[in-house]
Amino acid sequence: MAIKLPGMYGREVGEREGYRIVELFIGPQHPASGHMRMILYLDGDVVVKVDPDIGYVHRTIEKLSETREYVRVISLIERMTIIDACNVTLPYIEAVEKLLDVEPPPRAKYLRTILCEINRIASHLYGLGLGGIFLNHSTMYMWAFGDREVFLHLANMLTGARLTHTYSVFGGVRRDLPQGFKDEFAKAKRYMLKRLKEYDKIFYNNPVIRGRLENVGVLEKEQAISLGATGPNLRASGVYYDARLIGYAAYPDLDFRPVVGKHGDALERIWVRLREIEVSLDLIERALKELPEGPIINERFTKGIPPKVRHWFEKGFIKLPGGYVRLKTRAGEVITRAEMGHGEITYYLVSNGDIKPYRLRVVTPSARNVILFTVLPVGHTLMDFPAIYGSLDYFPPEADR
Amino acid sequence: MEAEGERVMVLEQLATQTGLPEWLLRGVLAPLVYPGLGAFAAVALFIIWAERKIAAKVQMRVGPLYVARRLGGALQLLADGIRITFQEIIVPVTVEKKAYVAAPIFAFAIVAASLAVIPGGPGVYGFSSSVSLLVPFALLGLIPIVIAVMGWASNNKFTYIGAGREILVTVAGEVTLLASLLATAMMYGSLDINKIVTMQIRTGIPGIVVNPIAAFLFFVAALLMTDRIPFDVVLGEQEIVQGPYTEYTGLLFVLNMALDYGKLYALMLLFSDLFLGGWMPFDGVLLGSLTVFIKTIVLMLIAIFLRSVYGRMRIDQIASMFWSRLFPLALASLVISAAVHVVYTP
């Protein structure tokens, strides 16, 4: 006997606000939704409204960080974007350094910059790979993820961890540049430049891919600014803005120029990511060339170290003093910003002079970019939705925090 | 004409040995053994493995490896197939049960039936008719209707959208496919596939050389009809999960998956008969059949290789490509055929 379930028939067309529409739930159990749900309202094949339903991977990171000592927060907030671990923690570290009145030595600043750019390349490759599979271009997907390994290897060499390398710590970095890193990077750069040409051939200049991305999800310059879009998505719309221009870490010394697009369509967003990889490779090369000599951590933390473990420093490793866990900052509030692979991240740190943050507010780039989902797909067909999603390089765990 | 005599002899011998009527023997052996389901099963096993291996090679991966390591993971699909065959068939409460279960079986049976008409070698066919070229086309034309039933019966938004896409794609592709078939028929003045092959052998020139436009159109339309990348809008994983097949599990899903490969196999078999001269360099049953089989596999390999190069086209782009660019080309191929016909049949 058949069970009658009124209103459960998928083929029934609903009516909302006078329109006959199909309410399509994409996700969270869907091959191309990510850790979130999109509610699409379709009139025929045309998207009339998108309702991004976020929060599926909310881990209360802001609240949890109030319960941990400053140094233990670093490895927690890395979990927001493990693919971009240096960029996501750097502004927090700079915020705490401001409250501690500690300045990292120049060598540490350069090393941070190097790891940040390695992370940015890996993050862009991740985004490009997902952008490929959203168009069912499995070769781009596999190539990007395969070539990402090169940069994970470099990060591994530098820090000892592939993803969650808690590399930057208050006052400096954890490890010195290992021997042979420069040669390994030169190899990686040669390889990546060659691969970027191949990406252009198989993906960016592929007629099918161009047809899917050109004039799809156009974000006008004014609209991008008023919606608060950030990162490559903002620059693709022709806005000359990059948080790296405000000059943190070693960026002021490196003569950095952001990549800026024109049209702001999905293809342009992919283009900006591809070109930013080249820029990042140049930045790392310059940073390695101009890398100053000197200590890698502020002397304030190395003073109290017993001579027994001092030999670690000669090997380029930092053995932090026990008191490092219970650092006390002065009371105050700081705002810091940095440019991640996905866009600009902002930290607002409030301290009441305790060993733990009083409040840590994080605004991640994906949290800012999620609004684009409600704007860009409207008026396009259902098939354009994955193309737009892929071009935005949206990362749900980062948005949900 | 020697081939004609030999072919009759082989099956006649078999018929006298077994004591069965020859038509029955043909009607059973062709759709079930070669070029039918038995051969198709072998092709599917090989092609899906090759598809994964070729894509893996392009994409710097290994591909299937662990099942039959010495053969490069060639038996992976067999292992997967056995597992999925014994998997529970889940029938959701909201589906129209009878249509839901019957549709995949029916669709696959139609593909198998179309293999009864397409010759897989000299005299290796189930039935021959003076209009045998139209039979596979007509049978394959039935499948979108069954898929629409599938989408409707599954009672899910994704399947429903997928069924709509299948209809749209068929409308766009079928015209081009028919035009290229008719161009071939016109060229040789016959709708009989066997006769078209014999004409090619007699003239010594395969159809692809005489009318490359028709061959190209047939190939592209076949890609569209069988959901190959870049035309895989019906499956459309990133939008509609698995299209009309979303709600299926177990054996019914296997049938659906085999459906597209079956269609591809049938159409590529037809392609090698119509445009590559069928069993062209050979006359014997065994060598001739092997030639057709190898040609078909090579064509399928070309079709599956496109997966590593392209992404998915949008529906409106496919429709406009087929109606405004390929359909005029089809008319041009008809003009070529008209000219060739005059030369071939004085």
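This is a predicted model: local features need pLDDT of at least 70, side-chain atom pairs count only at pLDDT 80 or more; totals for chains, interfaces and linings use all residues.
1. Let me start with the make-up of chain B. Its secondary structure consists of 14 helices and zero strands.

2. Along the principal axes, its C-alpha atoms fill a box of roughly 60 × 50 × 45 Å.

3. Two further values describe the inside of chain B. Buried residues make up 49% of its 346 residues. Among the contacts in chain B with a separation of 6 or more, 77% are between residues 24 or more positions apart.

4. Next comes the meeting of the two chains. The contact involves 29 residues of chain B and 31 residues of chain A. On the chain B side, at least two residues each come from helix H3 (37-58), helix H7 (157-188), helix H11 (237-240) and helix H14 (315-344). H11(B) gives the most, with three residues. Sorted by class, this side of chain B holds 13 nonpolar, eight polar and eight charged residues.

5. Turning to chain A, you will find a division into domain 1 (14-53) and domain 2 (61-400). The centres of the two domains, taken over C-alpha atoms, are separated by 32 Å. Their contact draws on 14 residues from domain 1 of chain A and 14 residues from domain 2 of chain A.

6. It is worth looking at what domain 1 of chain A brings to that contact. Strand E3 (37-43) and strand E4 (46-53) of chain A are the elements giving two or more residues to the side that touches domain 2 of chain A. E4(A) has the largest share, with six residues. By class, this side of domain 1 of chain A divides into ten nonpolar, two polar and two charged residues.

7. Chain A also has an open sheet of three strands, in the order E7-E8-E9 with antiparallel pairing. Strand E7 (332-339) and strand E9 (359-363) of chain A stand at the edges with a single partner strand each, so one side of each has no neighbour in the sheet. From one strand to the next, the twist averages 10°.

8. Strand E8 (residues 344-351) of chain A is joined to E9(A) by five bridges, and the two run antiparallel. Opposite Val350(A) you will find Arg359(A), which belongs to E9(A). Helix H3 (residues 85-100) of chain A packs on the sheet and touches E7 and E8 of chain A; the direction of this helix makes about 150° with that of E7(A).

9. Beyond its neighbours within four places in sequence, Met192(A) is in contact with Asp147(A), Val150(A), Ile277(A) and Leu281(A). Ile202(A) is ten residues away from Met192(A) along the chain, and their C-alpha atoms are separated by 15 Å.

Key
Residues are numbered from 1 along each chain as its sequence is written. Chains are lettered from A and ligands numbered from 1 in the order in which they are written. Two residues are in contact if their C-beta atoms, placed from the backbone, lie within 7 Å. Helices (H or I, at least four residues) and strands (E, at least two) are DSSP runs, numbered from the N terminus. Ala, Val, Leu, Ile, Met, Phe, Trp, Tyr, Cys and Pro count as nonpolar, Asp, Glu, Lys and Arg as charged, and the others, Gly among them, as polar. Domain bounds come from an automatic or database domain assignment. Two strands pair if DSSP finds at least two bridges between them. Axes are lines fitted to C-alpha atoms, for helices over the stretch in contact, and angles run from 0 to 180 degrees between N-to-C directions. A residue is buried if 20 or more other C-beta atoms lie within 10 Å of its own, exposed if 12 or fewer, and partly exposed in between; C-beta atoms are placed from the backbone.
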